[in-house]
Amino acid sequence: MNFAIVGCGHIAKKHAEAIQNIEGAKLIAVCDKVPQMMEFYIERYSAKPYTDLTEMLRNDDIDVVCICTPSGLHAPLAVDVANAKKHVIVEKPIALTLEDADAIIEACERNNVKLSVVHPNRFRPVVQELKKIVDENRLGKISHANATVRWNRNQEYYDQAPWRGTKAFDGGVLMNQAIHNLDLLLWFMGDVEEVYSMAATRLRNIEAEDVSTGVIRFKNGALGVVEAATTIYPRNFEESLSIFGETGTIKIGGPNAIYFEHINVASLDDETTDYLINKVKEDPFGKPGHQWILEDMIQAIKENRKPIVDGYEGRKALQLVLAFYESAEKNQPINLSVKITN
Ligand SMILES: NC(=O)c1ccc[n+]([C@@H]2O[C@H](COP(=O)([O-])OP(=O)(O)OC[C@H]3O[C@@H](n4cnc5c(N)ncnc54)[C@H](O)[C@@H]3O)[C@@H](O)[C@H]2O)c1
């Protein structure tokens, strides 16, 4: 399976490493509008460089294209890739508007190519274990869940590139960082009924928000609480997800949510609880999430099925972020129906 990458900045390196680690996969081409950004990939992977995407897409050997450009550019590039009949892996967020997300989904369906959105946190060992526990209904009726992202992204981070922190190309802490956590909330708690949010730009010189808070009512009646900020002094402090049920309480956390911080579940004895805590502690990162996503794409192509995190999954997380934004802007609750259309 031959891969290409568009946008050779920070996250592209994770895609290239993942491709290298997958047997039978090869990075054969890269595209960036800044030629120097491609030098690493030419040297290390012997990838063919292109400054023009249209030209790269004429290369018949490319099967899958990973889109790693600034978020506001995902849609036009992904549509071009799909129209060239190549499968699409797009970085999160799928896009910055629902219209753009729909354009990507429509182009992929029309051209009969697969579409996957990079939400790699679902594949963290601790998250996979938590998912099993929730799916086995061991927490019973859930009263509420809490997603917290207390991170530091300093002004230097935002000043690295002009697109960062802008509404047109990036968004703020919710769209860039906490979309992963909103994706997990949706994955664990199901569809959302209503959102009420407040946001502010307090400490960073950016257009979008650097702190966001909000509450959610899920369709199943449970509540959700979200706190997300890139303002935390002086470094990443906490990323966590807590779920509170009638027969169990679980918190995953740490500066990145990769450990069990607390498990108290009625149907799990002490031995099993300790086993789970230690199992995750021994290998908190597991196989890199990007590799999971890329391997799943290859399997989806071979088996002609949808990727696990497909376009509709990416769209749901985007829709929730946009509902938070709309609520904060209008200072009123937003009713939304996150429809599972796949
Ligand atoms: N899944 C994750 O955990 C994760 C983590 C970080 C970033 N991301 C996402 O990855 C994307 C890129 O982030 P980054 O930090 O790598 O950004 P970056 O600024 O480091 O890199 C972006 C690259 O895209 C190139 N580019 C811009 N416009 C282009 C165009 N029209 N054609 C070709 N190349 C173009 C730039 O020259 C640059 O090299 C964003 O959407 C971001 O949200 C995802």
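pLDDT is the predictor's confidence in each residue, from 0 to 100. This is a predicted model, in which local features need pLDDT of at least 70, side-chain atom pairs count only at pLDDT 80 or more, and totals for chains, interfaces and linings use all residues. Residues are numbered from 1 along each chain as its sequence is written.

Stop 1: Select residues 338–342. Here pLDDT stays under 50. The model has 11 contacts beyond four places in sequence for this stretch. A contact means that two C-beta atoms, placed from the backbone, lie within 7 Å.

**Stop 2: the two domains.** Colour domain 1 (2–121 + 290–308) and domain 2 (124–285 + 318–335) separately. These bounds come from an automatic or database domain assignment. Taken over C-alpha atoms, the domain centres are 26 Å apart. Now show the boundary: 12 residues of domain 1 are in contact with 16 residues of domain 2. The domain 1 side has 7 nonpolar, 4 polar and 1 charged residues. Ala, Val, Leu, Ile, Met, Phe, Trp, Tyr, Cys and Pro count as nonpolar, Asp, Glu, Lys and Arg as charged, and the others, Gly among them, as polar.

Stop 3: Find the open sheet of 6 strands, in the order 3-2-1-4-5-6, with parallel pairing. Strands (E, at least two residues) and helices (H or I, at least four) are DSSP runs, numbered from the N terminus. Strands pair if DSSP finds at least two bridges between them. Strand 3 (48–50) and strand 6 (115–118) are the edges; each has a single partner strand, so one side of each lacks a neighbour in the sheet. On average, neighbouring strands are turned by 20° against each other, direction ignored.

Zoom in on strand 4 (residues 64–67) and strand 5 (residues 87–91), a parallel pair with 4 bridges. Cys 66 stands opposite Ile 89 in strand 5.

Axes are lines fitted to C-alpha atoms, for helices over the stretch in contact; angles run from 0 to 180 degrees between N-to-C directions.

**Stop 4: Gly 172.** Look in the loop between helix 7 (155–159) and helix 8 (173–189). Is Gly 172 buried or exposed? Gly 172 is buried, because 29 other C-beta atoms lie within 10 Å. The cut-offs are 20 or more for buried, 12 or fewer for exposed, and partly exposed in between, with C-beta atoms placed from the backbone. Select Glu 209 too: its C-alpha atom is 4.7 Å from that of Gly 172, though the two are 37 residues apart along the chain. Beyond four places in sequence, Gly 172 also has contacts including Gly 165, Ile 206 and Ser 212.
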